[in-house]
Amino acid sequence: MLVSTHMLPLSLEAQGDRQDLAALAERAGIALGDVPGIAVGNLDAAALDLRRAWLARAHHPADATLKSPCEGETSRLPDGQSIHFGYERELSAGLLESRAPLCYPVPRGWQSLRVLCRSGQAALSCLLHHVAHAASTLPLTLHHAGRYFETAALLDLWPRQVFAPSDGSPSHVDVLVGEPVHCDGQFGVSIPASLPRARRALLLDTTMVGLRADIAPWLERFEGSFAAVFRSGLKLDQAGLELANVGIVQLFVRDGATSLAAMASALERIRALTGGGLTLDELAALSAPWFLDHSYLEHYSGRVLANNAALARAIGAGSNLFEDRCHPSLLSPEAVAPFCAIRLRHGDTAAHRRLLHHVEKEVTRRGLALASGGSFGFRGNRYELIEPESNTGEPFLRVAMGFRGGPDRDRIIELFRELAALPALP
C-alpha cells in the first residue's frame, strides 16, 4: 500500500516551497488561513488554494464593470490601483507595463519599453502586423530560426505577397524571427552569427529561456532600427499559478532612428484593433505583486531551469535507449529549458506509448510526485506523451521538472537514469 507523500515529513527543499507560497500569499495580502494546503504540507493543493484566493479577489473589478462603462466610472484593482476606460478592447495595460526594471538590459545606443498583449501568439501577431504595415515595399523576406509549431503555423497564415519565406540560408533577410532555444522533440540552440542578418525587424521569442537570453549577439547581427523580444508570460512569469494568458514584449529602437513612443502607440493601436489586448479580468489577475518582479522571476525560473538541467545530466548524451538531444544543456552548457524532451532511438508511436505506460506504472509503484499532464506554469512535476500529426514531427515524452527540488526530484531523476541505462525498452 502506498503512503501519500503529502503525509511524509517535508524536505528542506519542500519546506522552501512552502515558505515561497507563504511569502507570495503575504505579498498579496492573503491570510494563510485561506491557503490551508500550506499548513498541512500539501504543496500542490497549497498552490491551487493560493491561486483561488487571489483570483477570487481579482475577479471583482470585472464582475462589477461593463465592457463599456459609463463616463467617469473607475475600477479598483486588487493591488489598490485604479483604472478607467471607455471600451475594454482599448484598455491600457500601463499599470503593469511600467513595472521596473525592464526584463532585458538596454544596450548603449538603444531605447526600450514594455508592451503587454493577450498571449505570446497575440504579441507575435501584432508585431508582424506592425512590420508589414510599416513596410514601403512588399513582400518582405522572412527567416524563422526556430521550431515552435504555432509560430510556424502563424507565419504560414500570412500571404506570400506579404511575408515570403527565405530560401536556403541567405546572408540577409528583411525579418528574422528567432528562438534562442527551440524544440520539436529534439532541442536545438540558435547561433546568431550563423543566421541571416535582418534589415528591417528582429523578433526574438524567449519563451523557452525566460530571462536567460543574451540578446546582445542578436542585436549585433541586426541592421535595422526596430527589434522586439517577446515571450509567453504564462510559462515562467506567474510563480506557476497560471493566472492569465499574457504576451510580454520589450521593444528596442535605435537612438535617433524613430520615436519609441510612436512605435509603442502604433503597436497598442494594432493590439486594440485585433483584440490582442488584456481584458480587465486578466489585468486584475496579473496585478499580482510577483508578476513582472525581476528578482522573483530570476528566483522562480532559476529553480525550474536547474531542476530540468539536473534531469538532463542524469539521462546524458550517450543513452542506449534515448536520443541525445533531450535538453539544450547537452548541446551548450549555458543553454536552458523548462522541460526535457525524451525520445526513443528508432522508436515509433507504439514504442513511445509503451514507454509512457512503463513510466506510469513506475510512478505509481515508486510513489513519485510526478503527475500526468501538460504544464504551462512548471510549479509541479509533470509528464505527457506528445504525439504530433504525422507530417509535423515525431512523438516524444515531455518531462517537466518543477520548482520543488530535493528527494522528490531526485527519485524522479533516478527513474529516468535507470531507463537511460537500459539496452532496450522493457
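## Close-up views of a predicted model

**View 1. Leu 116 and its surroundings.** Setting aside neighbours within four places in sequence, Leu 116 of this predicted model makes contact with Ala 93, Leu 96, Glu 97, Val 246, Gly 247, Ile 248, Arg 271, Leu 278, Phe 291 and Leu 292. Leu 116 is also, together with Trp 290, one of the residues with the most contacts inside the largest nonpolar core, a group of 77 residues. Which helix gives the most to this core? That is helix H3 (residues 43-63), which supplies eight residues. Another core, of 33 residues, lies apart from it and includes Val 115, Leu 128, Val 162 and Phe 226.

**View 2. The seven-stranded sheet.** Here you can follow an open sheet with mixed pairing, whose strands run in the order S3-S11-S10-S9-S6-S4-S5. Strand S3 (110-117) and strand S5 (163-165) are at the edges; each has a single partner strand, so one side of each is left without a neighbour in the sheet. From one strand to the next, the twist averages 25°.

**View 3. The S10 and S11 pair.** Seven bridges join strand S10 (residues 226-232) to strand S11 (residues 247-254), and the pairing is antiparallel.

View 4. Helix H5 (residues 120-134) lies across S3, strand S4 (140-145), S5, strand S6 (172-178), strand S9 (197-205), S10 and S11, and runs at about 160° to S10. Helix H8 (residues 260-273) packs on the sheet too, where it touches S3, S10 and S11. The direction of H8 makes about 15° with that of S3.

Methods:
Residues are numbered from 1 along each chain as its sequence is written. This is a predicted model: local features need pLDDT of at least 70, side-chain atom pairs count only at pLDDT 80 or more; totals for chains, interfaces and linings use all residues. Side-chain values use heavy atoms; hydrogens and water are left out. A nonpolar core is a set of buried Ala, Val, Leu, Ile, Met, Phe, Trp, Tyr and Cys residues joined through side-chain atoms within 4.5 Å. Buried means under 20% relative accessible area, exposed over 50%, partly exposed in between (1.4 Å probe, protein chains only). Helices (H or I, at least four residues) and strands (E, at least two) are DSSP runs, numbered from the N terminus. Contact means heavy atoms within 4.5 Å. Two strands pair if DSSP finds at least two bridges between them. Axes are lines fitted to C-alpha atoms, for helices over the stretch in contact, and angles run from 0 to 180 degrees between N-to-C directions.
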